Amino acid sequence: MSLKTKKIIFYIMMAVAFTAVAIYQFLTPYLSDDIIYMDEVRKAGSFFELFSQEANQWVSHTGRSVSHIILRIFLYIGNKGIFNIVASAVFLLLSLLIYLNVFSRKEYDIRLYGFILVMLWFFDPAIANTVFWMDGACNYLFTTTIVMGFITLYRLGFKDGKNSAGYAVLLFILGIAAGWCNENTSGGVILFVLIELIYHYILNKKSFSYVKPWMITGFLGCLFGFVMMIVAPGNYGRLAVTEEEHTGLLALLARFLKITLNIKNGYPVLVAAFIVCIILILYCFDKSEERSRNLLRMAMFGILFVATCYALIMVPSSELRSYYGASIFIMTAIAQGISVLSTSGEKLLQALLTAIVSVYCMLFVLSYFDDGANLARIKRETDERDAYLTSVCVEGGEDVYAPMLRPLWQTRFSAAYEVDIQEDWQFWINFFLSQHYGLGTISGVDREEWTEY
């Protein structure tokens, strides 16, 4: 296949990835925390008051200021269509950043890029929370892209011999943002920088002669952002109300077990693919300096995956979406391995890699429209309920009943069922929605029994 043909196919794949995510974003309504933050953002008298609101949240609730200021800006704009387009572009950018971190790739490697898209689409077990939910996307998709952007520029700085004042300033600013994203992934960035610095220290025969200003400013930026996130008083307020069955060492062991089970249940294919890639590289390639470098690149991202996962042992509980940054690290490691294997002279191995991508492309086509139809049905019912509750509010209603979503249309691309109203009016989302619509209470009823519309 000619390079020109590969380039055309590569851009087509980019367009398909962007369009596929954009359509699903447009079929996803505001959910749970989106509505809660929306009500707060509406109280802002000006754009700059958003930063005052975020400062108050830093004190009272959480230190993740970068993600939440992004969320507040989109809510302040008030047009979800803009968010949908930007989020789709960020998803595409993340896929390209993973691709750029594969240093041994061929030019316009469509097989490698296909693998990356397959991993992002099929092997994120919390994709409904990390990509197709506004608050979740700002907390995980956007922040992980910031992190990967910093990692990419830092690695390219070594590769291309960067040494300008502008690059040092850029790495410092981006480092602050990367360090201020979320606790475990931002901690992984700091570990990444340390690994890179130590590796090049050894590579340069234990000399610091290689150190450039941007290496230091990038590291200091990460540390500053991370400290600002960790010392937020709001973090400790949340931890104080979190209950655990155990205390002391037993509590840590219980958390360790839960993290291990989350990896086992959420990411077994990615972990297995990582191990398989390493074994195949060891068997298919003779021992050489190039093979060693590729294995070290994979090992670094593998270490970041493990460290970012088990850093969650510091908090009492963690949702599966908290592992998103870690999953991107191991996807990058696998992409490195796939790139190396695709250059192997083994025709059978190359055919197998191509077949895997092709099969998943077929599965994508076969499932996309079905899942999209379910998303459209969920959005239709959510919009109908929103219109009804808004009209009740206008009429001055107090205690009301509203239909829950039909259970027939669940899809892994929507978090709507996780945050749907319940029969109990005291359920947390019922309570917040009653405040949003200015009602007394909201109680959920079975959609099949609902007759108001």
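Here are some notes on helix packing, cores, cysteines and aromatic rings in this predicted model.

1. Let's start with helix α15. Residues 289-310 make up this helix, and its 22 residues should span 32 Å at 1.5 Å a residue. The C-alpha atoms at its ends are 31 Å apart, which agrees with that expectation.

2. What does α15 pack against? Its buried residues meet α8 (134-160), α10 (183-203), α13 (248-266), α14 (268-284) and α16 (324-342). Among these buried residues are Arg291, Asn294, Arg297 and Thr308, along with Leu295, Met298, Phe301, Leu304 and Phe305. Gly302 and Cys309 are on the buried list too, and Cys309 comes up again below.

3. Next, the nonpolar cores. The largest one has 112 residues, and the members touching the most others are Leu120, Trp121, Leu141, Phe142, Phe150 and Tyr154. Helix α8 supplies the largest share of this core, with 13 residues. There is also a second, separate core of 15 residues, including Ile35, Met404, Tyr437 and Ile442.

4. Phenylalanine 142 is worth a look in the viewer. Setting aside neighbours within four places in sequence, its contacts are Ile70, Phe74, Phe83, Val86, Ala87, Val90 and Ala137.

5. How many disulfides does the whole structure contain? The search finds zero. Cysteine 284 is partly exposed, at 33% relative accessibility, whereas cysteine 309 is buried, with a relative accessible area of 0%.

6. Cysteine 181 sits in the loop between α9 (165-179) and α10. Is this cysteine buried or exposed? At 0% relative accessibility, cysteine 181 counts as buried. Beyond its neighbours within four places in sequence, it is in contact with Arg64, Ser67, Thr143, Ile146, Val147, Ser186 and Met229. The C-alpha atoms of cysteine 181 and glycine 63 are separated by 8.8 Å, although these two residues are 118 residues apart along the chain.

7. On to the aromatic rings, where the count comes to 40 pairs. One of them joins tryptophan 121 and phenylalanine 413; it is tilted, with 4.9 Å centre to centre and 35 degrees between the planes. Tryptophan 121 belongs to helix α6 (residues 110-122) and phenylalanine 413 to the loop between β1 (399-403) and α18 (428-437), so this pair ties together parts that are 292 residues apart in sequence. Both tryptophan 121 and phenylalanine 413 are buried. They also belong to a cluster linked by ring pairs, together with Tyr24, Phe132, Phe364, Tyr368 and Phe369.

8. Tyrosine 201 and phenylalanine 208 form another pair. Their ring centres are 4.7 Å apart and their planes are at 35 degrees, so this pair is tilted as well.

9. Finally, which charged residues sit over the ring of phenylalanine 103? Arginine 155 lies over its face, at 4.2 Å from the ring centre. Lysine 159 also has its charged end over the ring of phenylalanine 103, 4.6 Å from the centre.

Key: Residues are numbered from 1 along each chain as its sequence is written. This is a predicted model: local features need pLDDT of at least 70, side-chain atom pairs count only at pLDDT 80 or more; totals for chains, interfaces and linings use all residues. Side-chain values use heavy atoms; hydrogens and water are left out. Helices (H or I, at least four residues) and strands (E, at least two) are DSSP runs, numbered from the N terminus. The expected span of a helix is 1.5 Å times one less than its number of residues. Buried means under 20% relative accessible area, exposed over 50%, partly exposed in between (1.4 Å probe, protein chains only). Contact means heavy atoms within 4.5 Å. A nonpolar core is a set of buried Ala, Val, Leu, Ile, Met, Phe, Trp, Tyr and Cys residues joined through side-chain atoms within 4.5 Å. A disulfide is a pair of cysteine sulfur atoms within 2.5 Å. Rings of Phe, Tyr and Trp (its six-membered ring) pair if their centres lie within 6.5 Å; planes under 30 degrees apart count as stacked, over 60 as edge-to-face and the rest as tilted. A charge sits over a ring if NZ of Lys or CZ of Arg is within 6 Å of the ring centre and within 35 degrees of the ring normal.
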